[in-house]
Amino acid sequence: AHEVQQLSTHGPGQTDHFSLPDGRTFLVVGENFASEVSIWELSGGQFEKRQALKVIGAAAMAVLQIGKEIFLIAPSYHDRDTGWDTRTLIFKADVDGFRIFNPEP
């Protein structure tokens with residue numbers, strides 16, 4: 001095997017991937033030191049960074065597909081302000097990228 005590409009990341013803790021029904025493929029990277037989850041799209045044989053989601057203490061994440069809907073679950077490992085008392089954010093994919101998921105009551 002040989003190296004294909006180097007991604008510029010900051011303290012990556014986990015990666016995941018998903019494909020959309022239109023065939024586009026994405027890589028997701030939890031970047032603990034950057035406090036973000038970055039979304040990279042495969043384009044022309046290379047990954048290009050498309051979005052950075054602010055997640056304090058991001059280290060791990062999971063991609064969940066329910067029917068045609070795609071969710072990204074991004075727990076915070078540690079927060080400088082609240083310590084180990086952290087939150088898990090849920091994002092939902094739409095045509096413009098991922099947005100915080102706020103289900104209607």
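Phe 91 touches Leu 53, Lys 54, Val 55, Ile 70, Phe 71, Leu 72, Ala 74, Phe 98, Arg 99, Ile 100 and Phe 101, leaving aside residues up to four places away in sequence. Phe 91 is also among the residues with the most contacts inside the largest nonpolar core. The model is predicted. The protein has eight strands and zero helices. The structure holds seven salt bridges.

**Overall build**

- The elements run β-β-β-β-β-β-β-β from the N terminus on.
- The protein has 105 residues and a radius of gyration of 14 Å. A compact globule with that number of residues would have a value near 13 Å, so the two agree.
- The C-alpha trace spans about 40 × 35 × 20 Å along its principal axes.
- The accessible surface of the protein comes to about 6,900 Å². Carbon and sulfur atoms account for 52% of that surface.
- Buried residues make up 31% of the 105 residues.
- Residues 24 or more positions apart account for 25% of them.

**Confidence**

- The average pLDDT of the protein is 86. A score of at least 70 is reached by 90% of the residues.
- Confidence is highest in strand β4, at a mean of 95. Confidence is lowest in strand β8 (residues 97–100), at a mean of 87.
- Where pLDDT is low, predicted coordinates should not be read in detail.

**The nonpolar core**

- The largest nonpolar core has 16 residues. Those with the most contacts inside it are Val 37, Ile 39, Leu 72, Phe 91 and Phe 98.
- Strands β2 (25–31), β3, β6 and β7 each give two or more residues to this core.
- Strand β6 provides the largest share, three residues.
- In soluble globular proteins, nonpolar side chains tend to be buried together.

- Side chains of opposite charge can pair when their charged atoms come close.
- Lys 49 forms a salt bridge with Glu 36, and their closest N and O atoms are 2.9 Å apart. Lys 49 lies in strand β4 (residues 46–54) and Glu 36 in strand β3 (residues 36–43), so the pair ties together parts that are 13 residues apart in sequence.
- Lys 49 is partly exposed, at 38% relative accessibility. Glu 36 is buried, at 16%.
- Glu 69 pairs with Lys 92 in another salt bridge, with the closest N and O atoms 2.7 Å apart. Glu 69 belongs to strand β6 (residues 69–75) and Lys 92 to strand β7 (residues 88–94), so this pair links parts that are 23 residues apart in sequence.
- Glu 69 counts as partly exposed, at 34% relative accessibility. Lys 92 is partly exposed too, with a relative accessible area of 26%.

**A salt-bridge network**

- Asp 22, Arg 24, Glu 41, Glu 48 and Arg 50 are linked in a network of salt bridges.
- Within this group, Arg 50 forms a salt bridge with Glu 41. The closest N and O atoms of the pair are 2.8 Å apart.
- Arg 50 is partly exposed, with a relative accessible area of 44%. Glu 41 is buried, with 10%.

**Two loop residues**

- Ser 35 lies in the loop between β2 and β3. Ser 35 has a positive phi of about 55°, although it is not a glycine.
- Most residues other than glycine have a negative phi.
- Ser 35 counts as buried, at 8% relative accessibility. The cut-off for buried is under 20%.
- Ala 59 is found in the loop between β4 and β5 (62–66).
- Ala 59 touches Gly 13, Gln 14, Gly 30, Asn 32, Pro 75 and Tyr 77, not counting residues up to four places away in sequence.
- Ala 59 and Thr 82 are 23 residues apart along the chain. Their C-alpha atoms are separated by 16 Å.

Terms used. Residues numbered from 1 in each chain as written. Predicted model: local features only at pLDDT ≥ 70, side-chain atom pairs only at ≥ 80, totals over all residues. Heavy atoms only, no water. Salt bridge = Lys/Arg side-chain N within 4 Å of Asp/Glu carboxyl O. Helix = DSSP H or I, 4+ residues; strand = E, 2+ residues; numbered from the N terminus. Buried < 20%, exposed > 50% of the residue type's maximum accessible area, 1.4 Å probe, protein only. Contact = heavy atoms within 4.5 Å. pLDDT = per-residue confidence, 0-100. Rg over C-alpha atoms; globule rule 2.2 N^0.38 Å. Areas by Shrake-Rupley, 256 points an atom, 1.4 Å probe, with all protein chains shown as cover. Core = buried A, V, L, I, M, F, W, Y, C linked by side-chain atoms within 4.5 Å.
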